[in-house]
Amino acid sequence: MLRNSRDSFGLISILFHWIIALIFIGQIPLGYWMVRTSDFALQFSLYQWHKSFGFLVLGLSALRLVWKFANTRPADPSAMATWERIGSHAAHVLLYLSLFAIPLTGWAIASSSPLQIPSFMFNFVVIPPLPLTISDSAEAFWTASHAWLAYVSAVVAACHILAALHHHFWKRDSILTRMLDPRRKAPERAPTQDVIP
């Protein structure tokens, strides 16, 4: 139940997936809000929360990647077309890359900013800056990189969600349910066959 099987993801993989997904999605409105508020005290607090959750995503993603390689992966439904398998693999690779690239570019923003505001992770520990050039141009570069990566990953994540819903409600296979309940395998829809009298 804790580890993956050939039919379903285990509880640990499921928890990693949904916790990271919720934080990742929540970072989007939080990031949008923090750059648009005119309340400087609130803005400082929102920036610290945004950075804290970013570091949390980075740490959880590293642990998730280790767990991924230590476990088997549930088999894809036999009815999945080749292009679906390729698209699914590509989307997962992009999402994994974004889980590292986006927090790292956010860390780079804080590290390269001439303001040099410390990053207080949940007001518990100060995260040291990366050894990067400190300048307005460097900060602008990392800010643009961070924003574009966030936009692209949001599109990929939306496609990932729509694909999962398509498999669940239209194709009625186990793609979604195996990431919801480690004890259950959703029944596969039997392929339609012509009856020859």
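## The loop at Asn-123

Asn-123 sits in the loop that links strand β1 (119-121) to strand β2 (125-127). The model is predicted. The phi angle of Asn-123 is near 55 degrees, a positive value in a residue other than glycine.

Is Asn-123 buried or exposed? Its relative accessibility is 70%, so Asn-123 counts as exposed. The cut-off for that class is over 50%.

## Arg-172, after α4

Arg-172 belongs to the segment after helix α4 (136-171).

## The second largest pocket

Rolling a probe the size of a water molecule over the atoms shows where empty space is left. The second largest pocket has a volume of about 1000 Å³. Its lining has 35 residues. Those closest to the centre of this pocket are Met-34, Tyr-47, His-50, Ile-109 and His-146.

## What lines the pocket

Which helices each supply at least two residues of the lining? They are α1 (11-34), α2 (40-69), α3 (82-112) and α4. Helix α2 gives the largest share, with 10 residues.

By residue class, the lining of the second largest pocket has 21 nonpolar residues. Another 11 are polar, and 3 are charged.

Definitions and conventions
Residues numbered from 1 in each chain as written. Predicted model: local features only at pLDDT ≥ 70, side-chain atom pairs only at ≥ 80, totals over all residues. Heavy atoms only, no water. Helix = DSSP H or I, 4+ residues; strand = E, 2+ residues; numbered from the N terminus. Buried < 20%, exposed > 50% of the residue type's maximum accessible area, 1.4 Å probe, protein only. 1 Å grid on protein atoms, 1.4 Å probe; cavity = no way out; pocket = protein on both sides within 12 Å on 5 of 7 lines; lining within 4 Å. Points joined across faces, edges and corners; volume = space filled by probe spheres on them. Nonpolar A, V, L, I, M, F, W, Y, C, P; charged D, E, K, R; others polar.
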